[in-house]
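Subject: Handover of a structure

Dear colleague,

Please find below the structure that I am handing over to you.

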Amino acid sequence: MTDNTPQPLAGVRVLELGNYIAAPTAGRLLADFGAEVIKIERPGTGDELRNWRLYKGTTSMLFRTINRNKKSVVLDLRSQAGREAVKSLVAECDVLLENFRPGTLEKWGLGPEVLNEINPDLVISRISAFGQTGPLSHRPGFAAVAEAYSGFRNLVGDPDRAPVRVGVSIGDSIAGLYAAFGAVMSLYQREALKPTGQGPVPLPERMIDVALHEAMFSMMESLIPDYQAYDVTRERVGGRMQGIAPTNAYICADGASIVVAGNGDSIYQRYMETIGRPDLATDPGLQTNAARWERREELDAAISAWAALRTSAEALEILGEAGVPAGPIYTAADISEDPQYNARNMIQKFDVSTGEEELADVGFPGIVPVIGEQSLPIHHLGPDLGEHNHEILSGLLQLSEEEIAEATAKESVHA
């Protein structure tokens with residue numbers, strides 16, 4: 001990074017005890033904006049994400065992406081030496097992130113009360129399937145289960161088929177966003193209280209409890225009030241959005257699909273004029289979203305007929321000139337070459353090791369949100385397993401070589 005790169009979280013140190021995507025996403029967000037994030041991984045295998053979508057070598061591009069800008073330290077949390085090293089790190093950190101099954105940290109003697117005794121300013125951000133309390137709190141579950149439990153999965157797909165999953169781990173990612181936001185919020189509260197002399201923020205207010213299913217549930221807009229007020233149950237509607245029309249994807253003459261969102265009342269008028277259907281533009285029975293939704297099949301048929309006679313590029317150019325929101329459905333190849341992404345530094349190139357070979361100029365997604373005019377530069381990709389053992393364990397904690405070997409050994413004596 002250059003010296004003038006904005007780093008709003010510089011000086012904040014984070015201890016990440018997370019695997020997979022949820023807590024590591026929170027850690028990535030904090031690291032992206034300057035926090036020092038120390039990621040603890042188990043001996044031998046490390047975070048399971050190293051092997052997810054592993055096409056070559058020993059470390060996946062998914063791991064390199066989610067764990068960028070972090071430091072990797074190997075510790076065996078099942079050993080006494082490993083847990084003691086974690087306690088020493090807690091004393092030096094501002095935030096702890098974890099996404100173990102509730103009760104796991106407590107079983108290891110690393111529960112919130114213990115951590116609070118070590119560091120009464122520590123922010124503890126916890127992610128689990130169903131939260132730390134309630135009748136389902138000890139139930140395990142990945143984001144797929146949480147997405148279903150939240151009502152989200154029920155709305156994804158076509159009405160005549162079983163619900164489907166979106167193509168990314170959206171439940172984990174949204175939970176990670178909330179965990180990072182909660183941590184920053186608690187840090188702000190801590191700093192705001194310092195000048196008042198009121199002392200440390202109480203432990204319950206420094207514990208951020210993110211449930212995967214609640215994170216997804218919070219995205220469900222008016223699902224519950226619509227049901228409880230009007231007995232309206234939302235259903236799967238494919239590429240549409242229930243109650244809003246016309247908005248959908250349409251196949252063009254070249255076989256490519258485009259998305260058009262012409263559901264605003266004034267936009268709708270221009271939209272229908274543009275596709276040569278002024279009769280639909282002025283039809284008294286199509287002047288509100290509710291009315292258009294009732295006749296959505298008719299509208300989609302008219303738009304589909306228009307799109308089928310034009311290539312996707314031609315259709316988008318015509319709609320763009322008319323001020324109708326529309327866009328292509330991009331693939332990875334399209335994004336890689338897109339001038340808008342590149343203008344904002346959203347594709348950043350690195351030479352990256354798979355663990356077996358070095359690949360040159362591989363693009364990785366940039367940092368969001370933008371501060372200034374472009375994405376901040378990524379400092380480094382997700383680290384090799386244990387890459388920062390010496391820096392952290394010897395440098396920060398001043399452990400001896402013998403103590404480091406005991407804490408990081410693959411074959412530890414479990415307590």
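The model is a predicted one.

Overall picture

The chain contains 18 helices and 11 strands. Its C-alpha trace spans about 80 × 55 × 45 Å along the principal axes. Of the 415 residues in the chain, 45% are buried.

Backbone features

Most residues other than glycine have a negative phi, and most peptide bonds are trans.

Asparagine 69 sits in the loop between α2 and β3. Although asparagine 69 is not a glycine, its phi is positive, at about 65°. Is asparagine 69 buried or exposed? Its relative accessibility is 8%, and buried means under 20%, so asparagine 69 counts as buried.

Tyrosine 20 also has a positive phi of about 65° without being a glycine. This residue belongs to the loop between β1 (13-16) and α1. Tyrosine 20 has a relative accessibility of 24% and therefore counts as partly exposed.

The other two places are cis peptide bonds. One joins alanine 245 and proline 246, with omega at about -5°. Proline 246 lies in the loop between α9 (223-230) and β7 (247-251). Another cis peptide bond joins valine 368 and proline 369, where omega is about 5°. Proline 369 is placed in the loop between β11 (358-365) and α17 (389-396).

Salt bridges

How many salt bridges does the count come to? The count is 27, each being a side-chain nitrogen of Lys or Arg within 4 Å of a carboxyl oxygen of Asp or Glu. Three of them are described here.

Aspartate 32 pairs with arginine 68, and their closest N and O atoms are 2.8 Å apart. Aspartate 32 is in helix α1 (residues 22-32), whereas arginine 68 is in the loop between α2 (61-66) and β3 (70-74), so this pair ties together parts that lie 36 residues apart in sequence. Aspartate 32 and arginine 68 are both buried.

Glutamate 36 and lysine 71 form a salt bridge through their side chains, at 2.8 Å from N to O. Because glutamate 36 belongs to strand β2 (residues 36-41) and lysine 71 to strand β3, the pair ties together parts that are 35 residues apart in sequence. Lysine 71 has a relative accessible area of 19% and is therefore buried.

Arginine 295 forms a salt bridge with aspartate 283, with the closest N and O atoms 3.0 Å apart. Arginine 295 is in the loop between α12 (289-294) and α13 (296-307), and aspartate 283 is in the loop between α11 (278-282) and α12; the pair thus links distant parts of the chain, 12 residues apart. With a relative accessible area of 25%, arginine 295 is partly exposed.

Salt bridges with shared partners also join Arg13, Glu36, Lys71 and Glu391 into one network.

Cysteines

A disulfide is a covalent bond between the sulfur atoms of two cysteines. How many disulfides does the structure hold? The number is 0. Cysteine 93 has a relative accessible area of 4% and so is buried. Cysteine 252, at 5%, is buried as well.

Surface patches

Glutamate 321 is part of helix α14 (residues 312-321). Its relative accessibility is 65%, so glutamate 321 counts as exposed.

A nonpolar surface patch is formed by Tyr178, Phe181, Met185 and Met219, which together have about 400 Å² of accessible area. Methionine 185 is in helix α7 (residues 170-193).

With kind regards

Notes: Residues are numbered from 1 along each chain as its sequence is written. This is a predicted model: local features need pLDDT of at least 70, side-chain atom pairs count only at pLDDT 80 or more; totals for chains, interfaces and linings use all residues. Side-chain values use heavy atoms; hydrogens and water are left out. Helices (H or I, at least four residues) and strands (E, at least two) are DSSP runs, numbered from the N terminus. Buried means under 20% relative accessible area, exposed over 50%, partly exposed in between (1.4 Å probe, protein chains only). A disulfide is a pair of cysteine sulfur atoms within 2.5 Å. Patches are made of residues with over 30% relative accessible area and no salt bridge: like charges are joined within 9 Å, nonpolar side chains (Val, Leu, Ile, Met, Phe, Trp, Tyr) within 5 Å. Accessible areas come from the Shrake-Rupley method with a 1.4 Å probe; for residues, only the protein chains shown count as cover.
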